[in-house]
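Please look over the sequence and the fold shown here.

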Amino acid sequence: VAERKRDEARQVLQNAQAACQAAQGQLSQLEGYAEEIQERWGAKEGASLKPEVMYHHHQFMGRLGHAAGLQSGVVADHMQRIEAASRQVLAAELRLASLRKVLAARRKEIELQQARRDQKQTDERAAIKYHSNAIGPLGQEG
């Protein structure tokens, strides 16, 4: 059960990491697009532009900046999920290690008890054999 929980925690962590990478990729695309638009806009600075065009460009860049800000928040949320999932994996691995240690100690104790039983049986057989040899074949002590 502990191994299954650890494996499930690892899967949650991997899913969180994949989602974060996807969100980071989207943020990079938004930022790259904003830079590209700004570079194209910069090439036209020498040209005379109508105020409406400048206003629309400014509005568009504002919306693009806002979208990038929202995506940054999404990335931050995914980072928090990764941290939480990492803590869960660590806790599951510690629990599993603890259980394995307890199991090993119990196995060692069972092996020790079995060895004591085996030794006791060996001692009893030796005592019976010694006793039967001491009495002799006719039932007389020798």
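The sections below take the model topic by topic.

## Basis of the values

This is a predicted model, in which local features need pLDDT of at least 70, side-chain atom pairs count only at pLDDT 80 or more, and totals for chains, interfaces and linings use all residues. Residues are numbered from 1 along each chain as its sequence is written, and side-chain values use heavy atoms, with hydrogens and water left out.

## Nonpolar core

The largest nonpolar core has 12 residues. Such a core is a set of buried Ala, Val, Leu, Ile, Met, Phe, Trp, Tyr and Cys residues joined through side-chain atoms within 4.5 Å. Its members are A9, L13, A16, C20, A23, L27, A68, V75, I82, A85, V89 and A92. Two elements give two or more residues to this core: α1 (2-43) and α2 (51-135). Helices here are DSSP runs (H or I, at least four residues), numbered from the N terminus.

A85 is one of the core residues. Leaving aside neighbours within four places in sequence, A85 is in contact with V12 and L13. Contact means heavy atoms within 4.5 Å. In soluble globular proteins, nonpolar side chains tend to be buried together.

## Salt bridges

The whole structure holds five salt bridges. Each needs a side-chain nitrogen of Lys or Arg within 4 Å of a carboxyl oxygen of Asp or Glu. Side chains of opposite charge can pair when their charged atoms come close.

One of the bridges joins R10 and E93, at 2.8 Å from N to O. This pair links distant parts of the chain: R10 is in helix α1, E93 is in helix α2, and 83 residues separate them. R10 is partly exposed because its relative accessible area is 35%; E93, at 29%, is partly exposed too. The classes are buried (under 20% relative accessible area), exposed (over 50%) and partly exposed (in between), with a 1.4 Å probe and protein chains only.

E36 pairs with R40, their closest N and O atoms being 2.8 Å apart. Both lie in helix α1, four residues apart, about one turn of the helix. E36 has 40% relative accessible area, so E36 is partly exposed. R40 is partly exposed at 47%.

R6 bridges to D7, with 3.0 Å between the closest N and O atoms. R6 counts as buried because its relative accessibility is 13%. D7, at 40%, counts as partly exposed.
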